[in-house]
Amino acid sequence: MNVELSILCTSSAVQQSVFMVMGLCRKDVDDALLMLKNLCQAQCSTQIFRKEDLASITQGDVKSLKHLVDILGLHVEEDQSDPGTLTVSGLKDGVNQMVQMIETFVL
């Protein structure tokens, strides 16, 4: 893995949200949980960048990417089974912005 890319990896604990769902019957609670799960899946995204995709990124590019990660609250981690491969997770719009930025750097 390019040494500069390692600063993108977030080392803090994964952010979690806790929801308490209450209803008059179990079916209402199950329906609400399913709807909540579907909404979360629709709003979140994960993108994997292979080391080959990131090979031409410069140190300046890494600073720009790090800034984007910080302001959008994205989670970036290196794949332990394939060093140099990064997985970016977060809100769909943020992940898409990261993809677009990386595509402009490697073109």
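Predicted model: local features only at pLDDT ≥ 70, side-chain atom pairs only at ≥ 80, totals over all residues.
**Entry 1: D61**

I started with D61 and looked up where it sits. D61 belongs to helix α3, which covers residues 59-72. Is D61 buried or exposed? I found it buried, and it has no salt bridge. I then looked for the nearest side chain of opposite charge, which is K63, 11 Å away. A salt bridge needs the nitrogen and the carboxyl oxygen within 4 Å.

What does the side chain of D61 have beside it instead? I noted that one of its polar atoms lies 3.0 Å from the backbone nitrogen of T58. Leaving out residues up to four places away in sequence, I listed the contacts of D61 as S56 and F105.

**Entry 2: the core**

Next I looked up the largest nonpolar core and noted that it has 15 residues. Which residues have the most contacts inside it? They are F49, V88, M98 and I102. I checked which elements contribute: α3, β3 (86-91) and α4 (92-106) each supply at least two residues of this core. For background, I wrote down that nonpolar side chains in soluble globular proteins tend to be buried together.

With neighbours within four places in sequence set aside, F49 is in contact with L54, G84, T85, L86, V88, M98, V99 and I102.

**Entry 3: salt bridges**

How many salt bridges does the whole structure hold? My search of it gave six. I took some of them in turn.

I looked at D30 and R26, whose side chains meet at 3.1 Å, N to O. D30 and R26 are separated by about one helical turn because they are four residues apart in helix α1 (residues 26-43). D30 is partly exposed, with a relative accessible area of 36%, while R26 is exposed at 57%.

I then turned to R50. Its side chain meets that of E52 in a salt bridge at 3.4 Å, N to O. R50 also forms a salt bridge with D53, where the closest N and O atoms are 3.5 Å apart. I recorded R50, E52 and D53 as linked in a network of salt bridges.

I looked up the accessibility of the three. R50 is partly exposed, with a relative accessible area of 47%. E52 is exposed at 53%. D53 has 27% relative accessibility and counts as partly exposed.

Definitions and conventions:
Residues numbered from 1 in each chain as written. Heavy atoms only, no water. Buried < 20%, exposed > 50% of the residue type's maximum accessible area, 1.4 Å probe, protein only. Lys, Arg positive; Asp, Glu negative; His and termini not counted. Polar contact = N/O pair within 3.5 Å; in protein donor to acceptor, adjacent residues only side chain to side chain. Contact = heavy atoms within 4.5 Å. Core = buried A, V, L, I, M, F, W, Y, C linked by side-chain atoms within 4.5 Å.
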